[in-house]
Amino acid sequence: MDRKTFEAFVAVHERPIEAISKAAWKLHQEVNQTYGGELPYGYHLSMVADNVLKYGHVVIVSEDDILPVVFGAYYHDSIEDARQTYNDVMRKAQSMMSDSQALMATEIVYALTNDKGRNRSERAGEHYYQGIRSTPYAPMVKLADRLANMTYSARGKDPGNIRMRAVYRSEWPHFLQAITTGSDDWRLILPAPMVRAAYDIMTV
């Protein structure tokens, strides 16, 4: 989809996108989740959604897919961190879009929910990445999530951000390989400009 057409579609859906954003911010506020120790967690969710809206025109194939992908970006941590179940997320999505769109949105959220594990590598193992690679638009939303975290860590000078910059750099080759499908289905492809943006951050 060309950028101008995509942006026109996004403008048409401005009000439901705003409603999705407000609902996601509120959900994470209700469980007192923060980002970077002091920011509301919605700050991170908006960064992820902004990445989807910036680069989504490269891979989103239909106007009908815009709301599900934006919802997936805003709700990607809702099961993992905000005490939601798959059915909770489905009901919320169904209140904002058609049933078929809600299914796509919920599947994205489910795919991005970490597995149970004792450490970072167990929570994001091969089973986790296989789910991402097989779910339409989940690879892009996962990359949007990682790009948001990389961008935030690159801005900070405190020990936590310095440590996470090193973690993201060390994980990058495996991470990129793990979410790359090699598919000819555009919905499973990573936007090349988003990949380049992540590379640029790592060279800072």
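Reader: Is Tyr 41 buried or exposed?
Author: The model is predicted: local features need pLDDT of at least 70, side-chain atom pairs count only at pLDDT 80 or more, and totals for chains, interfaces and linings use all residues. Residues are numbered from 1 along each chain as its sequence is written, and side-chain values use heavy atoms, without hydrogens and water. Relative accessible area under 20% means buried, over 50% exposed, and in between partly exposed (1.4 Å probe, protein chains only). Tyr 41 has a value of 8%, so Tyr 41 is buried.

Reader: How are the rings of Tyr 35 and Tyr 41 arranged?
Author: Rings of Phe, Tyr and Trp (its six-membered ring) pair if their centres lie within 6.5 Å; planes under 30 degrees apart are stacked, over 60 edge-to-face, and the rest tilted. The count by this rule is ten aromatic pairs. For Tyr 35 and Tyr 41 the centres are 6.0 Å apart and the planes stand at 80°, so the arrangement is edge-to-face.

Reader: Which type of aromatic pair do Phe 71 and Tyr 75 form?
Author: Their centres are 4.2 Å apart with 0° between the planes, and the pair is stacked.
The two residues are four apart in helix H4 (residues 66–75), so about one helical turn separates them. Helices (H or I, at least four residues) and strands (E, at least two) are DSSP runs, numbered from the N terminus. Phe 71 is buried at 0% and Tyr 75 is buried at 3%, and the type of their pair is stacked.

Reader: Which charged residue lies over the face of Phe 175?
Author: Phe 175 belongs to one aromatic cluster with Tyr 128, Tyr 129, Trp 172 and Tyr 199. A charge sits over a ring if NZ of Lys or CZ of Arg is within 6 Å of the ring centre and within 35 degrees of the ring normal. At 4.1 Å from the ring centre of Phe 175, the residue is Arg 146.

Reader: Which helix gives the most to the lining of the largest pocket?
Author: On a 1 Å grid over the protein atoms alone, a pocket is an open set of points where a 1.4 Å probe fits, with protein on both sides within 12 Å along at least five of seven lines; lining residues have an atom within 4 Å of a point. Volume is the space filled by probe spheres set on the points, joined across faces, edges and corners, and for the largest pocket it is about 790 Å³. Of its 33 lining residues, Arg 120, Arg 146, Asn 149, Met 164 and Tyr 168 lie nearest the centre. With eight residues, the helix that gives the most is H11.

Reader: How many charged residues are in the lining of the second largest pocket?
Author: This pocket holds about 180 Å³ of space, and helix H7 (99–111) and H9 each supply at least two lining residues. Ala, Val, Leu, Ile, Met, Phe, Trp, Tyr, Cys and Pro count as nonpolar, Asp, Glu, Lys and Arg as charged, and the others, Gly among them, as polar. The lining has three nonpolar and five polar residues, and the charged ones number two.

Reader: What is the phi of Asn 32?
Author: Asn 32 lies in the loop between helix H2 (14–30) and E1, and is exposed at 66% relative accessibility. Although Asn 32 is not a glycine, its phi is positive, at about 60°.

Reader: What is the phi of Tyr 137?
Author: Tyr 137 is in the loop between H9 and H10, and is buried, with a relative accessible area of 0%. Its phi is positive in a residue other than glycine, near 75°.
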